[in-house]
Amino acid sequence: MSLQGKTALVTGGARGIGLATTQRLLKEGASCVIWDRDPAAIDAAKAKLADNGEVTSDIVELAKPESVEAAAGQALDRHGHIDILVNNAGIAGVNKMLWECTPQEWRDVMDIDLYGVFLCCRAFVPGMLKAGWGRIVNVASIAGKEGNPTASHYSAAKAGVIGLTKSLGKELADTNIRVNCITPAVIETEILKQCTQAHIDYMVSKIPMGRVGQADEVAALIAWLSSDEVSFSTGAVFDISGGRATY
Ligand SMILES: NC(=O)c1ccc[n+]([C@@H]2O[C@H](COP(=O)([O-])OP(=O)(O)OC[C@H]3O[C@@H](n4cnc5c(N)ncnc54)[C@H](O)[C@@H]3O)[C@@H](O)[C@H]2O)c1
């Protein structure tokens, strides 16, 4: 697989799955753009990736249309084109029963985890159509297929990402743009700090392999989905759950 000559933009690229993905895409020859809202984490990520290839960055708040539009303009001015979009950024939100969530707690997760994916696709699909090639990989979750208790906002947002992927994949099926999503189970990253131990234990207990996943295992799947090797799959949902998924 070679991504030589491609520019990839990874949202939430400053840490966790996004950072591992950026590292892997650089290794495959792509230039990368990190989008994140945490400037200190961006700086640390860029220092870590300094010897791996070309990395630029923008500070973005993905839930805000004006922030996404401004950053998209900056990224396109720098690179000319974005060929690969990895919609990875997300939050877990608070673990509470649905009826205990405040409207704002519920809305925050939807705005970042689902609305942000819409905003990024909206910003970059027109350029991909013009260029005649593109790959979009959306990071959903097994929660979007199964629904995790005390995570109704997260599960609903990730189910939304799966639906968005299926729709956009069909809208673009007769182009050279492929749109797919992945549904990880528990992956060892800092997002777990947002979760209660009871919630983590519940999720891990559901994994037949009996272990959590690692960010570089997810990055490998994302890299493949970002490449020319994906030709006959679009609007599809790729499992990476240690055996938890039943469909
Ligand atoms: N780790 C897991 O167990 C797991 C499982 C399934 C799915 N996922 C999904 O994988 C993706 C990456 O998760 P991770 O585990 O690497 O998380 P993480 O918390 O380690 O990293 C997420 C990054 O996204 C950034 N981010 C969050 N909200 C943002 C916003 N509004 N604007 C800009 N940047 C923002 C954060 O600053 C952070 O750098 C998320 O969508 C998450 O829902 C994670």
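**View 1. Helix α1 (residues 16-27) and the shell around the ligand.** With three residues, helix α1 (residues 16-27) gives the most to the shell around the ligand. Helices are DSSP runs of H or I with at least four residues, strands are runs of E with at least two, and both are numbered from the N terminus. The model is predicted: local features need pLDDT of at least 70, side-chain atom pairs count only at pLDDT 80 or more, and totals for chains, interfaces and linings use all residues. Residues are numbered from 1 along each chain as its sequence is written. Around the ligand lie 27 residues, of which G12, G16, G90, T189 and I191 come nearest; a residue is near a molecule if its C-beta atom, placed from the backbone, lies within 6 Å of it.

**View 2. Helix α4 (residues 103-131).** After α4 comes G132, with a positive phi near 80°.

**View 3. G5 in the segment before β1.** G5 is exposed, because 10 other C-beta atoms lie within 10 Å (exposed: 12 or fewer other C-beta atoms, placed from the backbone, within 10 Å of its own; buried: 20 or more; partly exposed: in between). Its C-alpha atom is separated by 7.4 Å from that of S31, 26 residues apart along the chain.

Key. The expected span of a helix is 1.5 Å times one less than its number of residues.
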